[in-house]
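The report below takes the contacts one by one.

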Amino acid sequence: MNARTLLLTACALLAFAGNSLLCRAAIGGHTIDPASFTFVRILAGAAMLLALARGRIRRLDPKRANFGSALPLAVYAIAFALAYVGLTAGTGALILFGSVQLTMLIAAWRKGERPHAREWLGIALALVGLAWLVAPGLSAPPAVSAALMALAGVAWGVYSLHGRGATDAVVETASNFVGALPVVALATLLPGPPRLLSWPGFGFAVASGALASGLGYALWYQALPRLTAVRASAVQLAVPALAALGGVLLLGEHLSPRLVLAAALILGGIGLTLARR
């Protein structure tokens, strides 16, 4: 991994961790409801990406919209927000990116990419950590919230795999955000938690959409073509550690022994997967 790819990847991962923190602060703090948060987030992300693509805006037209990418983006965003009604920032990020890894590894296997023995061991450790985190027990996360976050992870994995073939990351990500808007708008009309919108919640959603999502996803799309599917899935598991640390420092969340052990297994697995031979 060269220096440019490393920098792009690191910035994208920090943005992803910020998404968990912003969403948890907004929804867990009861400043906005999940559907409104998602709509504002995607709208702000689309606005940021359109601004970034302004020099190439003539290339952004309805024919470029890829529903195969826009739909999983919308599913991810909706399930992500709903899941954070009952999850802490770190726990949600662990479930999310564990599911992302599994999705991308299955896709890599189907395309003929075969991890080495050390990579398989790292993957196994990471998945054991994820299984330990969500196993039933007094400190286990709510089952419905965990299932929603797992769904968000599968959708994000599919979205990431589609993005590996992007020829213009900013323009195509902008197209996907615009294409996802009708789906998330429809979600605001469906039954769910009571609608709630305050200025702090609106601000959290705008920051999540414009900075942590729009800008973060554009950076991620720049890095993806330079990463194998195995590495792309593995490096994203660094996000839960960042989110858990941010949750403790910024949101006053409790760092449970279960979360610590799960994070150690998952991050140790990443180390094995990415280490040089």
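## Helix α1 against helix α2

In this predicted model, N19, L22, C23, A26 and I27 of α1 meet P34, F37 and R41 of α2. Contact means heavy atoms within 4.5 Å. By class, six of these residues are nonpolar, one is polar and one is charged.

Helix α1 covers residues 3-28 and helix α2 residues 34-52. Their axes lie 10 Å apart, at an angle of about 140°. That makes α1 oblique to α2 (angles under 35 degrees count as roughly parallel, over 145 as roughly antiparallel, 65 to 115 as roughly perpendicular and the rest as oblique). The crossing is right-handed.

## Helix α2 against helix α3

Helix α3 spans residues 67-83. The axes of α2 and α3 come within 9 Å and cross at roughly 140°. The two helices are therefore oblique to each other. This crossing, too, is right-handed.

From α2, the contact takes in P34, F37, T38, R41 and I42. From α3 come Y76, A77, I78, F80, A81 and L82. Nine of the residues are nonpolar, one is polar and one is charged.

## The nonpolar core

The largest nonpolar core has 67 residues. Its members are buried (under 20% relative accessible area, with a 1.4 Å probe) and joined through side-chain atoms within 4.5 Å. F16, Y76, M149, W156 and W220 touch the most other members.

W156 touches F16, Y76, F97, V100, Y217, W220 and Q236, leaving out residues up to four places away in sequence.

## Basis

Residues are numbered from 1 along each chain, and side-chain values use heavy atoms, without hydrogens and water. Local features need pLDDT of at least 70 and side-chain atom pairs count only at pLDDT 80 or more, while totals for chains, interfaces and linings use all residues.

Definitions and conventions:
Axes are lines fitted to C-alpha atoms, for helices over the stretch in contact, and angles run from 0 to 180 degrees between N-to-C directions. Helices (H or I, at least four residues) and strands (E, at least two) are DSSP runs, numbered from the N terminus. A crossing is left-handed if the near helix is turned anticlockwise from the far one by less than a right angle, and right-handed if clockwise. Ala, Val, Leu, Ile, Met, Phe, Trp, Tyr, Cys and Pro count as nonpolar, Asp, Glu, Lys and Arg as charged, and the others, Gly among them, as polar. Buried means under 20% relative accessible area, exposed over 50%, partly exposed in between (1.4 Å probe, protein chains only).
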